[in-house]
Amino acid sequence: MDTLSYKTISVNKETAKKEWVVIDATDQVVGRLCSKVAKLIRGKYKPSFTPHVDCGDNVIIINAAKVRFTGKKETDKVYTRYTGYPGGQRFNTPAELRTQKNGVEKMLRHAVKGMLPKGILGRHLLNNLYIYEGTEHKHAAQQPKTIDINQYK
């Protein structure tokens, strides 16, 4: 019988080809940027994507302070956190977070976290995200390649 035989290749931790990529977030909309970053971290743009394995790239976001929101989200969107004490619920808008230390990083990390799987894999994947408010980053030794995030769907 002459039939073609195809094997489904499942990537594991040792065979995953992870890369380092740099993304410039200047004038990018937060939600659209983070959805593409979440796909990169997850590995969905790779042909060898395996759902239960960390096979995505390590992503470095630079110029994070220059991201923008559409509409009135800058003043109307509310981030809620809880201190753990009675009456300790705190509310912040993106405009207030921008003035705080690491506030922009918290906004982007919160958005990407919501787009990753819930559970152990999602928490592990979030460690592959590095966010810097300026143009400098400390990962030059990994020789990251700069990509244009607008080329991805």
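Me: How many bridges join strand 3 to strand 4?
Reply: Strands here are DSSP runs of E of at least two residues, and helices are runs of H or I of at least four, numbered from the N terminus. Two strands pair if DSSP finds at least two bridges between them. Strand 3 (residues 79-82) and strand 4 (residues 89-92) run antiparallel, and the number of bridges joining them is 4.

Me: Which residue in the hairpin of strand 3 and strand 4 takes a positive phi?
Reply: This is a predicted model, in which local features need pLDDT of at least 70, side-chain atom pairs count only at pLDDT 80 or more, and totals for chains, interfaces and linings use all residues. Residues are numbered from 1 along each chain as its sequence is written, and side-chain values use heavy atoms, with hydrogens and water left out. Y82 has Q89 of strand 4 as its bridge partner. The hairpin has 6 residues between the strands, and the one with a positive phi, near 105°, is G84.

Me: What is the centre to centre distance in the stacked pair of W20 and Y130?
Reply: Rings of Phe, Tyr and Trp (its six-membered ring) pair if their centres lie within 6.5 Å; planes under 30 degrees apart count as stacked, over 60 as edge-to-face and the rest as tilted. The whole structure has 2 aromatic pairs. In the pair of W20 and Y130 the planes are 25° apart, and the centre to centre distance is 5.4 Å.

Me: How many residues apart are W20 and Y130?
Reply: W20 is in strand 1 (residues 20-24) and Y130 is in strand 5 (residues 129-131). The pair thus links distant parts of the chain, and the separation in residues is 110.
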